[in-house]
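Morning, everyone. Please have a look at the model on the screen, and then I'll walk you through it.

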Amino acid sequence: SPLLPPSTNSSSNAIGYTFPNETTKEQKSNNIDKQQTKKEHVSLFDILRLLLYIPIQNMSSSEIRAAYTINPATHHDFLIVTISRTFYYMAISNQSFFSL
């Protein structure tokens with residue numbers, strides 16, 4: 001069996017034979033270290049920007065306003081449920097915090 005020149009993707013045994021496509025423990029730990037350091041570079045600012053700013057950066061103010069309005073003509077049931085839940089939660093809160 002021929003001896004292969006050492007490369008980054010091979011390891012050799014005690015007699016010098018090189019096993020191709022086999023990573024050493026050191027290479028595996030280096031790969032793990034690289035993966036862990038990549039994860040550490042994500043900041044809170046990056047996450048907030050991804051979740052809050054990027055989805056709305058191309059939207060106009062009228063589109064954003066329309067996303068938070070309820071049209072009673074088309075969504076009458078949803079309007080009734082929203083109003084009734086609002087009064088229900090206000091009553092429960094009132095009863096919890098202002099009971100004698």
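I'll start with confidence, then go through the layout, the surface and a few residues.

This is a predicted model: local features need pLDDT of at least 70, side-chain atom pairs count only at pLDDT 80 or more, and totals for chains, interfaces and linings use all residues. Residues are numbered from 1 along each chain as its sequence is written, and side-chain values use heavy atoms, with hydrogens and water left out.

So, confidence. pLDDT is the predictor's confidence in each residue, from 0 to 100. The protein's mean is 76. Of its residues, 59% reach 70 or more. Where is pLDDT under 50? Over residues 1-5. For that stretch the model has eight contacts beyond four places in sequence. Contact means heavy atoms within 4.5 Å.

Next, layout. There are four helices and two strands. Helices (H or I, at least four residues) and strands (E, at least two) are DSSP runs, numbered from the N terminus. Along the sequence the pattern reads β-β-α-α-α-α. Which elements have the lowest and highest mean pLDDT? Strand 1, residues 10-12, is lowest at 50. Helix 4, residues 76-97, is highest at 94.

Now contacts again. Take those between residues at least 6 apart in sequence. Of these, 0% join residues at least 24 apart.

The protein exposes about 9,400 Å². Carbon and sulfur atoms supply 61% of that. Accessible areas come from the Shrake-Rupley method with a 1.4 Å probe; for residues, only the protein chains shown count as cover.

There is a nonpolar surface patch of about 890 Å². Its members include Val-42, Leu-51 and Tyr-53. Leu-51 lies in helix 2, residues 44-53. Why is Leu-51 called exposed? Because its relative accessible area is 58%.

Pro-55 sits in the loop between helix 2 and helix 3 (61-67). Pro-55 is partly exposed, at 48%. Beyond its neighbours within four places, Pro-55 is in contact with Arg-49 and Leu-50.

Ile-64 belongs to helix 3. Ile-64 counts as partly exposed because its relative accessibility is 29%. Leaving out residues up to four places away, Ile-64 touches Ile-56 and Met-59.

Last, the rings. The structure holds one aromatic pair. The rings of Tyr-88 and Tyr-89 have centres 5.4 Å apart and planes at 65°, so the pair is edge-to-face. Rings of Phe, Tyr and Trp (its six-membered ring) pair if their centres lie within 6.5 Å; planes under 30 degrees apart count as stacked, over 60 as edge-to-face and the rest as tilted. Both Tyr-88 and Tyr-89 are exposed.

How values were computed
Patches are made of residues with over 30% relative accessible area and no salt bridge: like charges are joined within 9 Å, nonpolar side chains (Val, Leu, Ile, Met, Phe, Trp, Tyr) within 5 Å. A salt bridge is a side-chain nitrogen of Lys or Arg within 4 Å of a carboxyl oxygen of Asp or Glu. Buried means under 20% relative accessible area, exposed over 50%, partly exposed in between (1.4 Å probe, protein chains only).
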